[in-house]
Amino acid sequence: MKKGCFAGFVFLICFLGTCLVGQAFGWDDWPHWRGPERNDISNETGLLKKWPESGPDKVWTFKNAGLGYAGIAVVGDQLFTMGTEEDKEFALCLSATDGKELWRTQIAQGGSRGRATPGWGDGSRSTPSVDEDRVYFLSANGTLACLKTADGSEVWDASMEDYGGSIPSWGFAESPLVDDGKVICTPGGDQGTILALDKMTGKMVWQSEPVRKDMDGTLSSPAKAHYSSLLPIELNGKKQYVQLLTLAVVGLDAETGSLLWQSDWPGRTAVIPSPIFFDGKVYVTSGYGVGSKLIDISSGNADDQWMSKAMVNHHGGVIKVGNYCYGSSDRKGWVCQDLSDGKMVWNDKKISKGSVTYADGMFIHVEENDGEVLLIDANESSHEIVSRFVMEPQTTRDRKKGKVWVHPVVASGKLFVRDQDVILCYDISAK
């Protein structure tokens, strides 16, 4: 082979190798809560636009995931989640290909245990976050554990209690954020609302001041941890972290943890959905009659644009596509909301409350009452339920009033759904 041809050949091999690495470690992975961009939108294409009447082909079933509502992360051939059995909370890793257990590691004693008897079932609530060869788990009692992805061995752990946090009513449910060498989470309390630890050592990098401002501008008790997860954003060339609390929506400087802006929020009982960021604006919503709000932060200050009751998302998530948000709204069924003014464009009460994700131009919605999975083609003008099937099997164990609450995940052409101890994998790729 001539020297020039050989150099070109080497370049081609390196280029293809780079593409393959990108494909295996990013494009079709679901490395943490709500997917690659924390917006519940998959990067995948080439998926089925209609499922068989009996549902897509089931690839595997796993029935030993433990109790709880922990979400699923998928990177390469590994699936990560959490569960609780016999008052012990564990991290779990399965083969994403065939569902075989690769390892499990106990990370905490007890499940949510925020109340003596949790009213909606005990167990894990958080989604793991995968970062290179490590994965980070936040247990329901506030233990943050860093484990090796290869074998589940522990690298370090920390307790939210050591940073002033106290267990929320239904346990810690936030999914930790790994960003710029840090693990960021929300212990809440007097010592400071949001915490950043060094991702390699678990040592504190910074802890923000407590958020105390109440709706009328007076000082109140410091904000406690609730159930929303942080969102990293970039604004005017500077990174910040956005969090939804019961008292306010806040933006913090990513390097120092200092408060950059704040907008009041009348959170009640449980504040759960994650913020959405676009075009210099932050969208938030929560349930218990609160509603949704759009905040313009493009100037560096918080300027409320509108407050609306069109979308009152208890949990299950809201997804922005175009200039519209889609998701379950209390007492309204499934809603399309216009982000320009917060008004409802249309709603469908026949679609029951549930959790949602978005992949290859289609919504996948899991109804919480019966585990029915819907494939929905929707835009601001119309919507259609294209296909539907019921998760089978589902748990045979007592949910203690809980329902099918784990968000669906799409990765590597597969759909992953969970009901307590049962995890199911379906092939939704177009063959």
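D427 is buried, at 14% relative accessible area. Buried here means under 20%, exposed over 50%, partly exposed in between, with a 1.4 Å probe and protein chains only.

A word on the source. This is a predicted model, numbered from 1 along each chain as its sequence is written. Local features need pLDDT of at least 70, side-chain atom pairs count only at pLDDT 80 or more, totals for chains, interfaces and linings use all residues, and side-chain values use heavy atoms, without hydrogens and water.

Back to D427. Its salt-bridge partner is K431, with the closest N and O atoms 3.4 Å apart. A salt bridge is a side-chain nitrogen of Lys or Arg within 4 Å of a carboxyl oxygen of Asp or Glu. K431 is exposed, at 77%. D57 joins D427 and K431 in a network of salt bridges.

How many salt bridges does the structure hold? It holds 18.

Next, R399 and D419. Their side chains meet at 2.5 Å, N to O. R399 sits in the loop between β29 and β30, D419 in strand β31, 20 residues apart. Strands are DSSP runs of E, at least two residues, numbered from the N terminus. R399 is buried at 18%, and D419 is buried at 1%.

K400 bridges to D398, at 3.9 Å between the closest N and O atoms. K400 is partly exposed, at 44%. D398 is exposed, at 58%.

Last, a sheet. Four strands form an open, antiparallel sheet, ordered β10-β11-β12-β13. Strands pair if DSSP finds at least two bridges between them. The edges are β10 and β13. Four bridges join β11 to β12. V183 has L197 in β12 as its bridge partner.
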